[in-house]
Amino acid sequence: MGGKKVMACAAGAAVSLSLLLSGCMAADQTEKASGGKVSKNLEEKVVIYSPHGKDILQEFEQKFEKENPNVDVEWLDIGSQEVLDRVRSEKKNPQADVWWGAPSVMFNQAKGEALLEPYKPTYAKALKDEFHDKDWAWSGTSQTPEVIMYNNKKLSKKEAPKDWDELLDPKWKDKVVIRYPLASGTMRTIFSAMIYRDYKDSKDTKPGYEWLEKLDANTKEYSANPEIMYSKIAKGEGTVSVWAMPDVVMLKEEKNYPFDFVIPESGTPVLTEGIALVKNAKHPKAAKAFYEFVNSKEANKTLAEKHYRIPTRTDIDELPKWIEETKIKPMDIDWKVFEQKSNEWMEYWDNNIKSKEKEQKE
């Protein structure tokens with residue numbers, strides 16, 4: 001069924017018009033492989049906001065439409081902070097049905113603003129308490145460790161930075177290319193974690209801000225989106241970045257990018273990525289069906305094997321060896337503090353630390 005796709009580069013008015021078009025109810029549909037409930041009378045469309053990238057979104061669009069041929073999947077591929085901002089701005093007239101992909105901190109912010117519709121999925125018993133909201137405003141889909149990423153044609157494993165503080169060594173000046181943090185849940189988490197390391201004991205942000213100033217001094221560019229950052233590192237215009245481990249592994253294995261990664265020795269933030277229903281969505285039945293579909297056992301296997309996602313569900317068997325063998329030391333983080341302080345910290349970085357000439361515009 002192809003259908004119209006809502007892309008990040010579309011003009012705002014065109015996107016709004018496209019997303020406002022909804023119609024009659026589709027014929028009865030049954031979720032065959034998702035392991036979810038039988039879903040009847042699904043609407044003819046479901047709209048997804050997600051930072052997961054076009055490869056995953058196109059694949060799951062096609063899979064879902066194959067099982068639900070009268071439902072057209074539309075998606076908007078933007079950063080997770082941009083999703084939150086957009087859902088917030090559309091509160092009185094929601095355009096999205098499902099928000100798929102963001103750190104739990106952002107879903108908690110959205111819950112606090114009454115932007116999400118609680119939903120307890122059929123697989124609820126397969127999720128530990130830390131992998132879902134207590135009121136089921138969101139549930140976890142994957143675990144995402146943050147890592148130091150590097151160009152393995154320019155640097156050997158031995159030469160690459162081994163821990164966060166090594167990124168501040170002057171030898172990395174103009175070698176670091178970073179995804180612009182304010183639009184990215186991944187980067188907000190990494191930067192917030194650098195502040196939190198001292199703040200958790202001292203309640204003082206100064207050491208963390210000084211750390212970010214030193215990183216800024218070494219940073220060549222803050223790329224407007226992940227694809228630009230990937231391209232710069234791949235071409236050797238920068239040799240080092242910080243990013244989500246599953247994306248780095250996927251780009252290395254599937255697209256032959258010259259990338260590798262180091263899990264920081266002192267510990268790293270491990271995000272719970274999640275999914276949620278948008279409150280007062282226009283296509284609630286199709287939204288619940290999609291929610292179940294993309295976190296089914298079959299989908300988790302696909303996401304692990306093909307897209308290098310580490311599942312949150314405890315009932316997924318025969319996972320890839322790299323998941324079983326990867327040793328991660330999670331940082332001890334109070335995510336409530338991140339929820340309360342991250343915006344303040346990031347605004348300070350944007351206004352007082354960032355070298356404005358290094359911010360790349362789309």
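**A closer look**

Tutor: Serine 139 sits in strand β5, which covers residues 139-151; helices (H or I, at least four residues) and strands (E, at least two) are DSSP runs, numbered from the N terminus. The model is predicted, so local features need pLDDT of at least 70 and side-chain atom pairs pLDDT 80 or more, while totals for chains, interfaces and linings use all residues. Residues are numbered from 1 along each chain as its sequence is written, and side-chain values use heavy atoms, leaving out hydrogens and water.

Serine 139 counts as buried because its relative accessibility is 0%; buried means under 20% relative accessible area, exposed over 50%, and partly exposed in between (1.4 Å probe, protein chains only). Its side chain has a polar contact of 2.8 Å with that of tyrosine 291. A polar contact is a pair of N or O atoms within 3.5 Å; within protein, one must be able to donate a hydrogen and the other to accept it, and residues adjacent in sequence count only if both atoms are side-chain atoms. Leaving aside residues up to four places away in sequence, serine 139 touches several others, among them Pro121, Phe131, His132 and Glu273; contact means heavy atoms within 4.5 Å.

Now for the helices. Helix α5 (residues 185-202) packs against helix α12 (residues 335-353) at about 105°, with their axes 9 Å apart. The two are therefore roughly perpendicular, a label for angles of 65 to 115 degrees. The axes are lines fitted to C-alpha atoms over the stretch in contact, and angles run from 0 to 180 degrees between N-to-C directions. Residues making the contact include Phe191, Ile195 and Tyr199 of α5 and Trp335, Trp345 and Trp349 of α12.

Between α5 and α6 there is a loop that holds lysine 203. Lysine 203 has a positive phi of about 60° although it is not a glycine. Most residues other than glycine have a negative phi. With a relative accessible area of 54%, lysine 203 is exposed.

Helix α6 (residues 206-218) has 13 residues and reaches 19 Å from its first C-alpha to its last, close to the 18 Å expected at 1.5 Å a residue; that expected span is 1.5 Å times one less than the number of residues. Its buried residues include Tyr209, Trp211, Leu212 and Leu215. Among the elements that cover the buried residues of α6 are α5 and α12.

Notes:
Parallel < 35°, antiparallel > 145°, perpendicular 65-115°, else oblique.
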